[in-house]
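Subject: Structure for you to look at

Hi,

Here is the structure I promised to pass on. Please open it next to this email and follow along.

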Amino acid sequence: MSLLSSHLRRAAASVSAVAAAAAAITMQQYAEFESMVAGSALAEQHLPLSAEAQKTNVVRIPGFLSAREVHEIHELYAELKPRLGSAGRTTSNQAAAYRQGKWETAYLSTDGLFAKCMPELRARLIETAARVDADHWQLLPRAVAPVVPRCVEYHTVEAGGSLPFLTHYDAGSLVTIDVMLSDSRDFEGGEFRTLECDGTMRRYPFEKGDALVFVSHKFHCVTPVTAGRRHVLVMELWEGEERECAHRCERHTGPCSHTVRASFWRRALSDLASDL
Ligand SMILES: [Zn+2]
C-alpha cells in the first residue's frame, strides 16, 4: 500500500457521519454534473458549426396546418395551461427567464402532455423536420443518438414583446420547426427574420398554418410586436432523450427536477425579487 493510499484510508475512516453524508451528496452532484457535461459534449460534437449553420436556408411550408388544426392547438393550450411549465422573455434577457414578460413561453411538452394529446401532430412535426433536413442539410444522419423532440412550446407575444438579438439561436438543438398560429390581421410587427452571411436581414412570409423549418443554430430573431397578439408553436429536435420536464431542458439524458411546481415558484420569487 502506498503512503498516499494509507493516508487516504486513515482520513476516510476519521470523517464524521455528517461529513460523509455531505461528501456523498457532493459526489452525487459531481457525478450528475459530469454526466450532463458528457451528454452535452456528445451532442454538441455533431451540431453544425455556427458558420456552417448561417449558410443554410429557412424552408417554408405554406399551409402546413389547417385552420381547424390551429384551432385545436389553441384549445389544447387553454385546457393544459395550469399544468404546464412556463417562462417569460424580458427585453433584457435573450434566454427565456423566470420573470413574466411580454413574450410568454409555455412548455406543451411538460409531463409528455403534447405527445399524449396530439400524437399524430407530434409525429408529423418530427417527420417534416426530418424530410426537410434530408432534402437540404443532412444533419440528422450525423447524429450519434436518437433525434427526438427536446421541447414543444406555445408562444404568446404581446405588444412590446420581441426577440431582438440578431445572433440568437437555439443552442444545443439540431432542427427547429415553427408553426404560425395567428392570423396576420391579429397582430402587427412580430416578423421572423434571419441574419444572413452578407449582413442583411432576411424576411419570410409566415401566414397562419405555415411552418418554417431551419437549422437550430442559424441566427434568427423576431421584430417587436406593436399591436395584438402573436402565437407560434415551436418544436426543437435534439440528440438525446425526449424531455418531459417543465422547461427547455439542458440535460440530454437522465432525470431532471424542473417540475411545474418548481417553474411556478421560480417565477413567483423572481417577480417578487424584481419588485423589491
Ligand atoms: Zn429539464
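This is a predicted model: local features need pLDDT of at least 70, side-chain atom pairs count only at pLDDT 80 or more; totals for chains, interfaces and linings use all residues.

Residues are numbered from 1 along each chain as its sequence is written, and side-chain values use heavy atoms, with hydrogens and water left out.

Some terms next. Strands (E, at least two residues) and helices (H or I, at least four) are DSSP runs, numbered from the N terminus. Two strands pair if DSSP finds at least two bridges between them. Buried means under 20% relative accessible area, exposed means over 50%, and partly exposed lies in between (1.4 Å probe, protein chains only).

**Strand β11**

β11 covers residues 225-239. It is mostly covered, with 11 of its 15 residues buried. Strand β4 (residues 147-158) runs antiparallel to β11, joined by 11 bridges. Strand β6 (residues 187-189) is also antiparallel to β11, over 3 bridges. There, G189 has V225 as its partner.

**Strand β5**

How many bridges join β5 to β11? There are 6, and the two strands run antiparallel. V179 stands opposite L233, and M180 stands opposite V232. β5 also runs antiparallel to strand β9 (residues 211-215), with 5 bridges. In that pairing D178 faces L212.

Is β5 (residues 175-180) mostly covered or mostly open? Mostly covered: 6 of its 6 residues are buried. Both faces are covered, with V175, I177 and V179 on one side and T176, D178 and M180 on the other.

**A separate topic: an open sheet**

Three strands form an open sheet in the order β8-β7-β10, with antiparallel pairing. β8 (201-203) and β10 (220-222) are the edge strands, each pairing on one side only. On average, neighbouring strands here are turned by 35° against each other, direction ignored. (The axes are lines fitted to C-alpha atoms, for helices over the stretch in contact, and angles run from 0 to 180 degrees between N-to-C directions.) Strand β7 (residues 192-195) meets β8 over 3 bridges. R193 has R203 in β8 as its partner.

Have a look at these pairs on screen and write back with questions.

Best wishes
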